[in-house]
Amino acid sequence: MLSREFLTQMAHQHQLSPDQERVFLLRFAEDKDYDEIAQIEDTSRGACLKRMGQVYKKFGIEGETRGKESELRAFLDRQSPESRASSVVVSESVPRESRESEPQAELIGVSVAIAPSVATRSEVIPQKVAIVYGDRKPDLRLVEPLKEGMSAVGHEVTVAQDVLRAGENGLQRLKTLFEECDRLLLLLSEQAAFSDLLIEQVRLARELRQSRQDGKPQTIAVRVNFPLNAPINYDLSVLLQGVPQRLWQSPADTPAIVRDILHLLQTEGTDTESEAESAALSALTPTWESTDGRPLPFAGPELPEGQVDLGSPFYVERPPIEQRCFETIVQPGALIRIKAPRQMGKTSLMARILNHASQHGYRPVHLSFHLADKGVFATLDKFLKWLCAYVGQQLKLPNQLPEYWDDFLGSNVNCKAYFEEYLLKEIDTPLALCLDEVDRVFQHPEIADDFFGLLRAWHEESKRREIWKKLRLVVVHSTEVYIPMNINQSPFNVGLPIELTEFTPNLVLDLARRYGLNWNAKAVESLMQMVGGHPFLVRLALYHIARQDITLEGLLKTAPTEAGLYNDHLRRHLWNLEQHPQLASAMKEVVATSVPVRLPSEQAFKLHSMGLVKFQGNEVVERCDLYRQYFRNRLEG
């Protein structure tokens, strides 16, 4: 058992509060169980678990609920004076001459030397591990020791990017690799955080895990010269919720990182935290663009408490949309519906609406349904409980669901009562609630009909009852509602409808000048012939041209190829199409002809929500020439 003196020192180093420190010492210095700790502290077991959850965060442990305690114990063991002394002996056992003349060999040797300190080869349960990173290979001084260290103790290691590059059907083989592996080791650099395809790979791993009883593959992340508190785009921050993360900054960190990864590979999770604690969100900071103006492939909510300036010079207003939204959100019982394909600026507009509401003293809450695990959609009851718990958590109100949930009354009535009698009643100002990515609810018709009927009921209640006037709703989605709904119960035919369109030539010209480019109408026309007015594609082009990474002529020549600027973006779309053969077949039909195509409604809506097609009446065409050229080539056969 570790000494109380050492643990007290560690508590002070990691700035634990007095309450957190007492629970930490009782658990780790005296090995008390949580019932005993609750009795000593004269509080509840749940309160003790919550304090320990805060302790894990202070120590930078952002992983799964299960396994955190084992992870923290292993970290404390490594930091103890005894462990540090033994690590010096290991390091000094490598001859100085070898370390100076062959630094990479030294690091590989150190990683192998570390392995027995975690477990001998005979004690290790072999795992299949897939190493994933972006287009650019991260520092070899980390990659090679990791591969060597894992292989040395019997783990089977495959680099996902090698599978992608190995000829035809690379994306399908990558999916097979994920289905067969036990762990995904994500090496996340700042460059990789911009990768469309990498985000989709992490998303696939998460979806596979949620759909399997064995909970595999589990993801572990190493941030490569990319601080844990650095801003990160929103979709990736959602996917990394609950994922153990470690920081590597230099070769000096390599031995500890290898040791940590080997330990995590053997950790199946033995913690006893409550299920409610697992719903807590980590302190990742989402953003929507880099500090130098590079657009991220996925927008993040710039809520008032965030660290990103809402006054970005690269945000393009599309009058009179912003002003109409600002006027509406301050009206009692307001409902705003924002619809546009992905990467068209929905979330950036939403953020400005919530910021405007906050400036008027409202409580802004952003809820993305991407945050919900697959199991949340199992039943309407579970879904609505999750919704209530999440909104309450964001309002910093205690979870009171057991007191308000009566199974006899039904889920919709219970949810309405929880908002009416508790959430709205407990706050002094209006609540501006944004429901983002509601398309995910469309995929569950057994839930969607009741849920959207409930939203409509809330909106109608605001016309006659004061308590419901405090609720201001913003509903954000990517496509038309393709599920049948009673017209009198749908929230999609009331409120203020906002549909974001592509940039006009004048807006593109204005944006080019904000990037410092002295363009004329002809240059704008050349770019728009390739990418149309698609906001993300336009901004990505302007960013790299302004940085002199590429010329406009060079971009247009290589754009629809995998050697071009949009390589990652196009491969991510191809990845998604290959996982849905019916959509791939529909897209092939669209790009094979120069005239609009009539598709089954659901296929047309899904391709539209992905941003690949646009409607012309009841028919569709490809959104831009970039997609026509690329997919005509890649979907052949």
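**Exercise 1.** Determine how helix 2 and helix 4 are oriented in this predicted model, and state which classes of residue form their contact.

*Solution.*
Step 1. Two packed helices are described by the angle between their axes and the distance between those axes.
Step 2. Helix 2 (residues 18-28) packs against helix 4 (residues 45-58) at about 95°, and their axes are 9 Å apart.
Step 3. Angles from 65 to 115 degrees count as roughly perpendicular, so helix 2 is roughly perpendicular to helix 4.
Step 4. Helix 2 contributes Asp19, Gln20, Arg22, Val23, Phe24 and Phe28 to the contact, and helix 4 contributes Cys48, Arg51, Met52, Gln54, Val55 and Lys58.
Step 5. Sorted by class, this contact has six nonpolar, two polar and four charged residues.

**Exercise 2.** Classify aspartate 31 and aspartate 42 as buried, partly exposed or exposed.

*Solution.*
Step 1. Aspartate 31 lies in the loop between helix 2 and helix 3 (34-41), whereas aspartate 42 is in the loop between helix 3 and helix 4.
Step 2. Aspartate 31 has a positive phi of about 55° although it is not a glycine; for aspartate 42, phi is also positive, at about 55°.
Step 3. Exposed means over 50% relative accessible area, and buried means under 20%.
Step 4. Aspartate 31 has a value of 47% and is therefore partly exposed; aspartate 42 has 72% and is therefore exposed.

**Exercise 3.** Describe the surroundings of leucine 265.

*Solution.*
Step 1. Leucine 265 belongs to helix 14 (residues 254-265).
Step 2. Its relative accessible area is 1%, so leucine 265 is buried.
Step 3. Not counting residues up to four places away in sequence, leucine 265 touches Gln127, Val129, Met150, His155, Arg183 and Ile220.

Key:
Residues are numbered from 1 along each chain as its sequence is written. This is a predicted model: local features need pLDDT of at least 70, side-chain atom pairs count only at pLDDT 80 or more; totals for chains, interfaces and linings use all residues. Side-chain values use heavy atoms; hydrogens and water are left out. Helices (H or I, at least four residues) and strands (E, at least two) are DSSP runs, numbered from the N terminus. Buried means under 20% relative accessible area, exposed over 50%, partly exposed in between (1.4 Å probe, protein chains only). Contact means heavy atoms within 4.5 Å. Axes are lines fitted to C-alpha atoms, for helices over the stretch in contact, and angles run from 0 to 180 degrees between N-to-C directions. Angles under 35 degrees count as roughly parallel, over 145 as roughly antiparallel, 65 to 115 as roughly perpendicular and the rest as oblique. Ala, Val, Leu, Ile, Met, Phe, Trp, Tyr, Cys and Pro count as nonpolar, Asp, Glu, Lys and Arg as charged, and the others, Gly among them, as polar.
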